[in-house]
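This briefing goes through one protein model, from its overall dimensions down to single residues.

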Amino acid sequence: MAGLIQHKKEAFWFYRFVSIWYDSFINPFFWDEAMREQALELAELNSGDLVTLDAGAGTGFTTTGIVAKIQPQKITMLDQSPHQLGFAKQKEVLNDVKKIEGDVEDLPFATDSFDRYISAGSIEYWPEPQRAICEAYRVTKPGVIALIISLLQRKNPLVRWLSDTWMLFPPEADYLRWYEAAGFTEIKTVYIQPSWYDNREGNEYAIAIAGVKPCAGESPLILPPKQEDKLQPMTIGRTLTFIYRFLVGSTAGAFFVPIAIIKVFQHNLKRLFA
Ligand SMILES: C[S@@+](CC[C@H](N)C(=O)[O-])C[C@H]1O[C@@H](n2cnc3c(N)ncnc32)[C@H](O)[C@@H]1O
């Protein structure tokens with residue numbers, strides 16, 4: 001079953017509010033600069049003129065890491081949330097980066113057009129991850145890398161219940177299966193985590209997965225028509241479902257902020273007395 005915010009309209013409204021605090025609360029606790037640098041290594045950003053797409057780019061935290069390596073004029077940020085992109089537009093370092101509103105499952109770009117595809121922390125909200133990964137395949141040029149960075153399934157039963165209620169926290173095997181089915185080869189992965197996270201007993205926090213598109217054209221995987229659209233008309237049934245998903249899913253997600261604050265506090269206390 002999909003997480004309650006793993007839907008387009010629900011994710012859109014979730015970010016209508018979360019965008020206000022995103023840079024202050026999300027990045028420092030859950031997706032920091034050290035993690036970003038480690039994950040971006042898999043994308044091999046070894047030349048400043050690589051035409052790069054940042055899909056689900058949000059307020060531009062990952063894009064800021066990309067801009068340190070790639071000329072801003074070569075980078076496109078895409079996100080379905082105008083509110084998230086609105087905050088990106090206020091960042092001087094991203095002034096020359098193109099910013100486009102759009103859906104990762106239906107990218108408004110020609111086949112074989114990018115030298116790199118990067119997406120960080122966005123797959124959790126995609127109703128059809130396989131479809132979006134096939135789109136990543138379609139828009140990249142042959143021989144180049146597509147990188148996705150995202151969370152992993154939790155082991156603790158209570159945390160797993162909360163995380164699965166909120167959104168998509170897939171096991172590593174799902175990422176590998178989606179990449180292979182889309183047609184990517186030379187797949188590489190690396191685990192990443194914030195400094196406060198305890199990954200004992202293989203309870204990994206997040207993964208960066210990169211693959212190479214072996215030949216030109218669309219993904220060999222043919223999928224049925226898209227299931228969801230952000231612009232679907234709201235019937236009474238859909239409105240009630242939306243309200244339920246939005247309220248319960250956001251509440252489940254909200255628990256992760258105090259959990260992280262407590263973990264950071266414990267982590268710093270341990271370091272102080274070590
Ligand atoms: C956790 S934020 C990650 C933002 C950014 N990549 C970063 O590193 O900080 C997830 C982003 O994915 C976007 N998103 C969710 N579903 C999407 C979709 N179907 N198409 C495009 N963007 C989407 C959200 O609007 C949000 O800005």
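**Overall fold**

For 274 residues, a compact globule would have a radius of gyration near 19 Å, and the 18 Å of the protein agrees with that. The model is a predicted one. It contains 9 helices and 7 strands.

- Along the principal axes, the C-alpha trace of the protein spans about 55 × 50 × 40 Å.
- Of the 274 residues, 39% count as buried.
- Taking contacts between residues at least 6 apart in sequence, 73% join residues at least 24 apart.

**Ligand shell**

- The ligand is surrounded by 21 residues, of which G56, G58, F61, S81 and S122 are the closest.
- Sorted by class, the shell has 9 nonpolar, 8 polar and 4 charged residues.
- Helices α1 (8-30) and α3 (61-67) each supply at least two residues of this shell.
- The largest share, 3 residues, comes from α1.

**Helix α7**

- Within α7 (residues 172-182), the buried residues are Y175, W178, Y179 and A182.
- These four lie on the same side of α7, because they cover an arc of only 95° around the axis.
- The packing partners of the buried residues of α7 are helix α5 (129-139) and the strands β6 (185-192) and β7 (206-212).
- After α7 comes G183, which has a positive phi, near 115°.

- Is L78 buried or exposed? L78 is buried, because 22 other C-beta atoms lie within 10 Å, and the cut-off for buried is 20 or more.
- L78 sits in strand β2 (residues 75-79).
- Leaving out residues up to four places away in sequence, L78 touches L53, A55, A57, I100 and G102.
- L78 and W31 are separated by 47 residues in sequence and by 19 Å in space, C-alpha to C-alpha.
- Is Q232 buried or exposed? Q232 is exposed, because it has 11 other C-beta atoms within 10 Å, and the cut-off for exposed is 12 or fewer.
- Q232 belongs to the loop that lies between β7 and α8 (236-254).
- From Q232 to L147 the separation is 85 residues in sequence and 29 Å in space, C-alpha to C-alpha.

**Annotated spans**

- An unreviewed UniProt entry lists residues 3-197 as "domain: MPBQ/MBSQ family SAM-binding methyltransferase profile".
- In the model, residues 3-197 are 40% helix and 21% strand, and the end C-alpha atoms of this span lie 23 Å apart.
- The unreviewed UniProt entry also gives the annotation "transmembrane region", which covers residues 242-265.
- In the model, residues 242-265 are 96% helix and 0% strand, with the end C-alpha atoms 35 Å apart.

Note on methods
Residues numbered from 1 in each chain as written. Predicted model: local features only at pLDDT ≥ 70, side-chain atom pairs only at ≥ 80, totals over all residues. Arc of directions from axis to C-beta. Contact = placed C-beta atoms within 7 Å. Rg over C-alpha atoms; globule rule 2.2 N^0.38 Å. UniProt positions renumbered as here; feature names shortened; annotations may be inferred. Near = placed C-beta within 6 Å. Nonpolar A, V, L, I, M, F, W, Y, C, P; charged D, E, K, R; others polar.
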